[in-house]
Amino acid sequence: MVPLLLRGFMFYFIFNRLAQALLVMAVVSAISFSLFNFVGDPVNNMVGQDATREQRIEIRQQLGLDDPILVQYQRFMLNVVKGDFGLSYRIKQPVSQLILERLPATLELVFASAVIAVFIGIVLGVYTGIRRYSWVSKIIMSVSLIGVSLPTFIIGIGLIYLFAVYLRWLPSSGRAGVIELGGWKTSLLTVDGWRSIILPAVTLSLFQLTMILRLVRAEMLEVMRSDYIKFARARGLANRAIHFGHALRNTLVPVITIIGLNIGGLIAYSVITETVFQWPGTGLMFIQAVDFVDVPIMAAYLIFVALLFVVINLIVDILYFIVDPRIRRGGS
Amino acid sequence: MNFFNLAKLFSVALIMATAANAENVLRWTSQGDALTMDPHSQNESPTIAFNGQIYEALVARDIEMNLVPELAESWTASPDGWTFKLRQGVKFHDGADFTAEDVVFSFNRALEESSDYKEQVKTVAKIEVIDDFTVKLVTDGANPILPNTLTNVYIMDSGWAKANGVEKPQDFAAEEETFSVRNANGTGPFMLTSRAPEELSVLTRNSNWWGDSMFPGNVDRIEYRPIKNAATRVAALLSGEVDFVLDAPLQDLKRIESTDGLTTKTVAQVRSIFFGMDQGVDELRSSNIKGKNPFRDIRVREAFNLAIDKDAIQRVVMDGLSFPTGIITPPGVLGNTPELDKQYGFDLGKAKSLMEQAGYADGFEIQLDCPNNRYNNDEKICQAAVAMLAKIGVKVNLDAIPKAQHFPKIQKRTSDFYMLGWGVSTLDSHYVFSYLFDGEGSWNGIGYNNARVNEITKLIETETDIPKRTALIDEAWQIIKKEMPYLPIHHQVLGWSMKDNVDVPIAADDHLRPRYVVFK
């Protein structure tokens, strides 16, 4: 009886969240679409400077740029529902194909930097949490300030000058060593590919790394003071077992939540990192589209990012529903 | 320490591995990739330059911008058009023969609705094939400068286009990209080997090219990687990953020049920077002067011209890299003379008294519209102008915005006072008159309308007597110089950076011409 009721609640809950997600998507896409009116006029970029007034007007009409914004939006959404994002104004290639072509680069970059951020962040966080007064911890904490305070593009340029120009260990930009693997272009299987992903991945990860480090450290300090750690010590358990078996495990719940939410942030930040490193992903494509007022690409990208956030939030919500009984009660 | 040594060894080994390669590979970068490989789809300078390595036109420009034969060996004018003798024995990269039929096909393709080259070929009424290697471009009336306008109209193979379904340039109604967007089959010195847009394009030398032994270039392979970020682009040159950077920021040229193994070249670009002052409206939109338009008074225009210190802009803003001028057309373009090129000079005292005579002793207020991502130091030039005009009492409110928002203001005639730059692709003043000065000109954003200038613009379209035509052009420039409808600032300077083991001759149109590139 109870499990059936629970399933009913769950269904209602997910349905509810799904409806909310759709609403968010609709609002985000509408707002972003109306913003494009202020980005500028694409026609000027699309024709040579010697095009006549008539040719310009003709293109405006072809693209329907003179229609009211609502009409343009409606036309755009009808096509989107059919899975058609149109042709890029800039390179006249289908937008959906362009995004799919560039997505692997972005996802691999985000994956690599997430791994760096999580791994190093947790290790350093645990260390600074346990040895909070050692000078190594103090250095780590001061250096980590750079990660939160310096803008991404300065960190990126700094790393390029150090590792590519001065030391000449790594390439300054681009994505080398790409291999096609069943329709997915990967650069993670070659030495060249790894060499070219290191700098952008480190740059992109620094902010998240710092955040995870500080979060883990704060949680560790908190947990280490709690009664069950004292009790564990009283039981005579080894330090290692206490630190990793008891303390770390209990710090991970908020950390996992933050990491989940920040995957979206990584993709958003990748716009800047990809521009600095000429990483051929969706972020670089978006920046180029903004310069050119390539509305179809801008619109598709924003919808794509909104969708990503909405999906991640939905998954987190559902996980909470399963994990936290208080939300279930709220649902009834 | 071991790790560091190992890493160093590793990178040295890599560098040696690439150096061992005997062929001459030109690795280069610039900000923006070609938009498409289709030769008639986008009239955009980097696209034209890139495709010009693969495709060829009937006539071309050499490094000094002289008109030289390419697919046509010679050409002669007649009252109703131009006859071109075509080069014989030329083959497309796929082996097909180049004949008159391909010329006819390509011109018709450039005239298609979806072509971005209609303006260049619009005076061509029809194309007569006289024999396999002679074509006549019949024009509506005489056109003395037709060859000048054909340097970017590239010739495609009609058979290849038909076989791949690309008889027309792509339009926006299309559902997917056409074959010619990523594939190319020209007659030029390099063949497209691989193309990953915005990542890497590889071209290889066409050893069957007709000019293979006629040009000094010894490049075997070209690898092009666009790098959008300027600092990254310079870093790629400093780290040795590329041999040549087309568009390093001007302020970085000194640093590159002083780096061992690197060198830079500069040349006056065929582009002039100027301010437009709207004389066409009865009342300026952004001014506190109501009921009349101060710019209609020539004394105000002259005062503005005299108040802007172009030498100071050159020295302080441009780091010496500009040529101050008094005419909106650079040397090398027919119509520019040293006398016209002289700037109006800087005379604050005279400027003030002119403002006084015009009744604006206390100055007035006006908005200056300026792009911030189009020309060299565009926003900084405008900021300097704001400070300089303040000295004659004019309070200038600067609105510096991205080009995508700036240019529509000029097109829609909603700007009182704006910055614009103008390049002259035909190297003939007609191109300047018809767009900037003609009463109907599509970039005449100042409402300038002088009956004689309009008349001359029409006359030189068909005047075939060269000395007479040149005199007409000069007459128009003299009128303009006197009436000062615009405020000329300077001609831009281009700066190319390269390793010093390769000689990349710089061209004023900013186009890389690898047929002249020599590895020493």
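In helix α7 of chain B (residues 230-238), seven of the nine residues are buried, which leaves the helix mostly covered; a residue is buried if 20 or more other C-beta atoms, placed from the backbone, lie within 10 Å of its own. The model is predicted: local features need pLDDT of at least 70, side-chain atom pairs count only at pLDDT 80 or more, and totals for chains, interfaces and linings use all residues. Residues are numbered from 1 along each chain as its sequence is written, while chains are lettered from A and ligands numbered from 1 in the order in which they are written.

**Helix α7 of chain B**
- The buried residues of α7(B) are T232(B), R233(B), V234(B), A235(B), A236(B), L237(B) and L238(B).
- After α7(B) comes G240(B), with a positive phi near 85°.

**Contact between the chains**
- Chain B contributes 37 residues to the contact and chain A contributes 39, two residues being in contact if their C-beta atoms lie within 7 Å.
- On the side of chain B that touches chain A, two or more residues each come from α1 (2-19), α7 and α14 (403-411) of chain B.
- That side of chain B comprises 16 nonpolar, 11 polar and 10 charged residues; Ala, Val, Leu, Ile, Met, Phe, Trp, Tyr, Cys and Pro count as nonpolar, Asp, Glu, Lys and Arg as charged, and the others, Gly among them, as polar.

**Hairpin in chain B**
- Strands β6 (residues 124-131) and β7 (residues 134-139) of chain B pair in the antiparallel sense over six bridges, where pairing requires that DSSP finds at least two bridges.
- β6(B) and β7(B) form a hairpin with two residues between them.
- V129(B) has V135(B), in β7(B), as its bridge partner.

**Chain A as a whole**
- Chain A has 13 helices and two strands; helices (H or I, at least four residues) and strands (E, at least two) are DSSP runs, numbered from the N terminus.
- Of its 332 residues, 35% count as buried.
- The C-alpha atoms of chain A fill a box of roughly 85 × 65 × 40 Å along the principal axes.

**Confidence in chain A**
- The average pLDDT (the predictor's confidence in each residue, from 0 to 100) of chain A is 84, and 95% of the residues score at least 70.
- Within chain A, confidence is lowest in helix α13 (residues 325-331), at a mean of 59, and highest in helix α7 (residues 152-166), at 93.
- Where pLDDT is low, the predicted coordinates should not be read in detail.

Methods
A residue is buried if 20 or more other C-beta atoms lie within 10 Å of its own, exposed if 12 or fewer, and partly exposed in between; C-beta atoms are placed from the backbone.
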